[in-house]
Amino acid sequence: MAQPIPQGLAHLIGLNVEFCALICLQCQYAQRPTYIYRHLGDRHKVPIELRKQVEEYTKGCPFQYDYTNVQLPSDGSAPQPIIPVLDGYKCKGCQFKTHGRDTARQHCNKDHNQKRAADEDMFELVKLQCWFGAKRGRFWIVDEANGQEQERQARRARTRDVGEETVHSDDGNDDGGDEKMSQLESRDTVPSSGTNKADSQPKD
Ligand SMILES: [Zn+2]
Ligand SMILES: [Zn+2]
């Protein structure tokens, strides 16, 4: 497992734990672990002391990847945090996906010999993400509705954590914590009771 990002670097880089991807928070795209400390200097003029901390951190990274082999989420999954969601095209004849309409048309002309076909016969409009930016894009299709549901669940989980922490760790502040929690809970009413039940069952 990768170590969490040290607090002093949390404004510079993010870690996608599930896919082991390090994200430059200013570009909002992934960088190679071996390269990100240089990127932060070249691109963002991050001071050397901070970059040394980044280098230290990435030396301990148990994973390596570049844009050709970074692991991709599956098509139709919820959007990954931080990196942008792009408009894109999915070829109707194969798995090809791209951000650019020209590229999509070129693909269909070349690979499927569809020289005069209408756009809607060749590809469908989709939402895409990619780790390293559209130019070096290996894309996957995201389902933003899926993401909203996951975000709701994550918010509920966070709210619960905050509540528990308050109870255990801070005696003087119980009222404030409870009040905050109930506000969050009530704003966040969830229509389906099924997920709630699953969430609250203890796992053993
Ligand atoms: Zn950057
Ligand atoms: Zn195709």
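Trainee: Which elements do the buried residues of α3 pack against?
Mentor: This is a predicted model. Start with the residues themselves: the buried positions of α3 are Ala104, His107 and Cys108. They pack against three strands and a helix, namely β4 (86-91), β5 (97-98), β6 (123-129) and α4 (119-122).

Trainee: Within what arc do the buried residues of α3 fall, seen down its axis?
Mentor: Ala104, His107 and Cys108 are the buried ones. On the other side of the helix, Asp102, Gln106 and Lys110 are exposed. The buried residues line one face of α3, because seen down the axis they fall within an arc of 95 degrees.

Trainee: How far does α3 reach from its first C-alpha to its last?
Mentor: Helix α3 covers residues 101-112, twelve in number. At 1.5 Å a residue, a span of 16 Å is expected. The model comes close to that, with a reach of 16 Å.

Trainee: Where is Lys45 found?
Mentor: Lys45 also has a positive phi, near 55 degrees. Lys45 is exposed, with 7 other C-beta atoms within 10 Å. Its place is the loop between α1 and α2.

Trainee: In what order do the four strands of the open sheet lie?
Mentor: Begin at the edges: β5 and β7 (140-141) each pair on one side only. The pairing in this sheet is antiparallel. The order is β5-β4-β6-β7.

Trainee: What is the bridge partner of Lys90 in β5?
Mentor: Strands β4 and β5 run antiparallel, joined by two bridges. Lys90 has its partner in β5, and that partner is Lys97.

Trainee: Which residues touch the most other members of the largest nonpolar core?
Mentor: The core holds 21 residues. Elements giving two or more residues to it are β2 (21-24), β3 (29-31), α1 (36-44) and α2 (48-59). The members touching the most others are Ile23, Ala30, Val54 and Trp131.

Trainee: Why does this core lie between domain 1 and domain 2?
Mentor: In soluble globular proteins, nonpolar side chains tend to be buried together. This core lies between the domains because both of them give residues to it: domain 1 (7-59) and domain 2 (86-142).

Trainee: How do the elements of the chain run from the N terminus on?
Mentor: Count them by type: there are seven helices and seven strands. Their run is β-β-β-α-α-β-β-α-α-β-β-α-α-α.

Trainee: Among contacts between residues at least 6 apart in sequence, what percentage join residues at least 24 apart?
Mentor: The chain has 204 residues, and buried ones make up 18%. For contacts between residues at least 6 apart, the share joining residues at least 24 apart is 56%.

How values were computed:
Residues are numbered from 1 along each chain as its sequence is written. Chains are lettered from A and ligands numbered from 1 in the order in which they are written. This is a predicted model: local features need pLDDT of at least 70, side-chain atom pairs count only at pLDDT 80 or more; totals for chains, interfaces and linings use all residues. A nonpolar core is a set of buried Ala, Val, Leu, Ile, Met, Phe, Trp, Tyr and Cys residues joined through C-beta atoms within 7 Å. A residue is buried if 20 or more other C-beta atoms lie within 10 Å of its own, exposed if 12 or fewer, and partly exposed in between; C-beta atoms are placed from the backbone. Domain bounds come from an automatic or database domain assignment. The expected span of a helix is 1.5 Å times one less than its number of residues. The arc is that of the directions from the helix axis to the C-beta atoms. Two residues are in contact if their C-beta atoms, placed from the backbone, lie within 7 Å. Two strands pair if DSSP finds at least two bridges between them.
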